[in-house]
Amino acid sequence: MTSRSTAQQRADDIRAFRTELERLRTEGALVLSDEQRADLVRHHEQLLAEFARSFDIDRDAHARQLSVGMRIASFLGALALAAAVFFLFRNFWGLLAEPAQVAVLIGSSLGSCLLTMWVRKRDPTGHFTRLCATVAFACFVLNVAMLGEVFNAAPSDNVLLAWAALGLLLAYLCDSRLLLAAGILCLIGYLSARAGAWQGVYWLDFGERPEHFLPAAALLFLLPQFVDHRRFPGFATVYRVLALLALFLPLLVLAFWGRLSYFDIESTTIEHGYQIAGFALSAGVAWLGVRRDWPAVFNTGVVFFVVFMYAKFFDWWWESMPKYLFFLVLGLAAILVLLVLRRIRGATREAVGS
Amino acid sequence: MNERLRLWGFLAGIALIVATNAFVLGGVAYNRNDAPDSTLRLSQRELALGRDRGAPEESGGLSLRFLYRVAGDRPLPFELNADDGGERHFHPGRREPDWLDDARLATLGIDAVDLRARAEAPRGGAPTAKEVLFVLEQDGPAYAAALARARRTADEEAATAAAGPGREEFARRAKSAADAARYEEHEASRLFVVDAGLERDALRARYPDRQRFAIVRGVLRPMVAPVGKPVASIGRLSIGEVTVPHRFRQTLASLVAADRTRIRDQPRAAFEVTVAWGSRLEPWVVDATGR
């Protein structure tokens, strides 16, 4: 067992197993001998004690609830501390000469990174480590941004790559999904800016062509397929969901503003093409989510299918229909989606049963 | 993840921080290492307080924004009047100069004919913003032409008003034109974008005076437009602000603060700032004095 999250998962499984075993005993479906029972309890207690010693896991529901509270406090604390660093710099920046500014910027980045390393060894729960790691990431972002500002350096997309690298590194080292998301967003920005720059677009204006986001979306969606994330629960989901956002949001824009596309054909043709692509891909993603048992992927697919549908309804009928009728149609469409999803759910259950 | 791997991970993070800072500072040193590519002496007419002003109680850094105009620009859709004086009412104009014609755009890699054809029916694939090199001219022929034009307009309006005494409209226009000429002479920016290109050496050969012409990076913005309308505009300078070093901050901060709070008819706080552009065309403040 190499991480707290996998230890916690095993402990949760043991707790669920004990509850079910008790039910089976009451119903008379499975009765273990006293000896078997004692061996099982001893084995589980040994495991739980080891986990508690090594990873400070939540041994019961009460501890788990408190742990969720600590996670929320850690998240808010990290954001607040990052903001505190920003405003601290801003407040005293004018009083420092350039060498002192450089020293403060580099020192804060290195210091916060070393602090995270030190805390990591002494914090089995990981809450304080994640908090420090988030501050370290914020310090590095400020470090590079303000260094560029102090010396009037030309803006460069390479900073996004540096931010992404540190964000992802700290995310894996400290098991932080917040930093993973930050790192992935920087990486999406960098890859999209590069895609634009290769086409001759000034990198800061890469958003003018929403298609720049599509290679990054494809790459990040496929990445968890090739890199094993079993030791980092939830990481693969973050990759997939952010990749899907990078896919569907540009598609949504292009479905209604075809002029922004690279395709040198009539806008209306582009828009129709992207509308069809939006419906087909969101339905396909929902199907993939069901097939691979990826709930977040399924939900993202369904949400965007509904968004595409509502956007199209708005395009067709907002001007021409009375508002009560328009919203009635939206409601009926939502019911239709519900019926389809119920049918898929039934078919999936039958498939699992057979 | 075992502890040894984790330790290496943190060390990689520290190496990344050091390498990134070394890269940025190395770029700064390279930019300022040789003699500057150009050096312009600018004043409060060409520089204004940067956009990120922060809260009054904060001692944040001080940056100055370049107030540049575009030579041969199309006229503003409104007239300047007495209330429009001063930096706070600085208007950059349309930034669609007449010298940015089809031939010049072709040298910048933009097909003007194609852009006009797209105005007929909306299509995808139109060119997008592009980073090019702009030539900034300080207090040169472009400013002289703008000043001469403002004075000529003032004289013409004054003559019209004199020829038709009692006509309130003529008198109002004459006063407005006189105010505009006065504003142009004493307050308007003398920093003009006069040319654009892709080859730095070619531009420097055309504009060899490094004390008057600075070559800077900027963004050119193509537009889909019908025949007769401009199809490109000067978007912005890639580095539109310059941070004031600590040793000049005290001098300039008080002047800029005084200028922000001055009463309309009072003269503006005057200062001079020497800005240099280095080998990477990144600017920095070399000198600053109050007057």
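1. Two residues are in contact when their C-beta atoms, placed from the backbone, lie within 7 Å. By that rule B:Phe10 touches A:Cys113, A:Met117 and A:Leu173, leaving aside residues up to four places away in sequence. This is a predicted model: local features need pLDDT of at least 70, side-chain atom pairs count only at pLDDT 80 or more, and totals for chains, interfaces and linings use all residues. Residues are numbered from 1 along each chain as its sequence is written, while chains are lettered from A and ligands numbered from 1 in the order in which they are written.

2. Stay with B:Phe10. Helix α1 (residues 3–33) of chain B holds this residue. Helices here are DSSP runs of H or I, at least four residues, and strands are runs of E, at least two, numbered from the N terminus. B:Phe10 counts as buried because 20 C-beta neighbours lie inside 10 Å. The cut-offs: buried means 20 or more other C-beta atoms within 10 Å of the residue's own, exposed means 12 or fewer, and partly exposed lies in between, with C-beta atoms placed from the backbone. From B:Phe10 to B:Ala112 is 102 residues along the chain, and their C-alpha atoms are separated by 53 Å.

3. Now the whole interface. In chain A, 50 residues are in contact with 44 residues of chain B. On the chain A side, the elements giving two or more residues are α3 (61–92), α4 (98–122), α5 (127–150), α6 (158–174) and α10 (267–292). The largest share, 7 residues, comes from α5(A). By class, the chain A side has 29 nonpolar, 12 polar and 9 charged residues. For these classes, Ala, Val, Leu, Ile, Met, Phe, Trp, Tyr, Cys and Pro count as nonpolar, Asp, Glu, Lys and Arg as charged, and the others, Gly among them, as polar.

4. One helix pair spans the two chains. α6(A) and α1(B) pack at about 160 degrees, with axes 10 Å apart. That angle makes α6(A) roughly antiparallel to α1(B). Axes are lines fitted to C-alpha atoms, for helices over the stretch in contact, and angles run from 0 to 180 degrees between N-to-C directions. Under 35 degrees is roughly parallel, over 145 roughly antiparallel, 65 to 115 roughly perpendicular, and the rest oblique. The crossing of α6(A) and α1(B) is left-handed, meaning that the near helix is turned anticlockwise from the far one by less than a right angle; clockwise would be right-handed.

5. Which residues make the contact of α6(A) with α1(B)? From α6(A) come A:Ala162, A:Ala165, A:Leu166, A:Leu169, A:Leu170 and A:Leu173. From α1(B) come B:Arg6, B:Gly9, B:Phe10, B:Ala12, B:Gly13, B:Leu16 and B:Thr20. They divide into 9 nonpolar, 3 polar and 1 charged.

6. On to the cores. A nonpolar core is a set of buried Ala, Val, Leu, Ile, Met, Phe, Trp, Tyr and Cys residues joined through C-beta atoms within 7 Å. The largest has 86 residues, and A:Phe137, A:Leu170 and A:Leu220 touch the most other members. α5(A) gives the largest share of this core, 15 residues. Apart from it lies another core, of 48 residues, including B:Ala48, B:Leu100, B:Ala126 and B:Tyr207. A:Leu170 touches A:Thr116, A:Ala133, A:Ala136, A:Phe137, A:Ser176, A:Leu179 and B:Gly13, not counting residues up to four places away in sequence.

7. Within chain A, check α1 (residues 4–27) and α2 (residues 34–55). Their axes come within 10 Å and cross at roughly 150 degrees. α1(A) is therefore roughly antiparallel to α2(A). The crossing is left-handed. α1(A) contributes A:Arg4, A:Ala7, A:Arg10, A:Ala11 and A:Ile14, and α2(A) contributes A:His44, A:Leu47, A:Leu48, A:Phe51, A:Ser54 and A:Phe55. The contact of α1(A) with α2(A) has 7 nonpolar, 2 polar and 2 charged residues.

8. Chain B has 7 helices and 11 strands. Of its 291 residues, 34% count as buried. Among contacts in chain B with a separation of 6 or more, 70% join residues 24 or more positions apart.

9. Two backbone points in chain B deserve a look. Most residues other than glycine have a negative phi. B:Asp139 has a positive phi, near 50 degrees, and sits in the loop between β5 (130–138) and α4 (141–163) of chain B. B:Leu281 also has a positive phi, near 60 degrees, in the loop between β10 (271–277) and β11 (283–290) of chain B. B:Asp139 is partly exposed, with 18 C-beta neighbours inside 10 Å. B:Leu281 is partly exposed, with 19.
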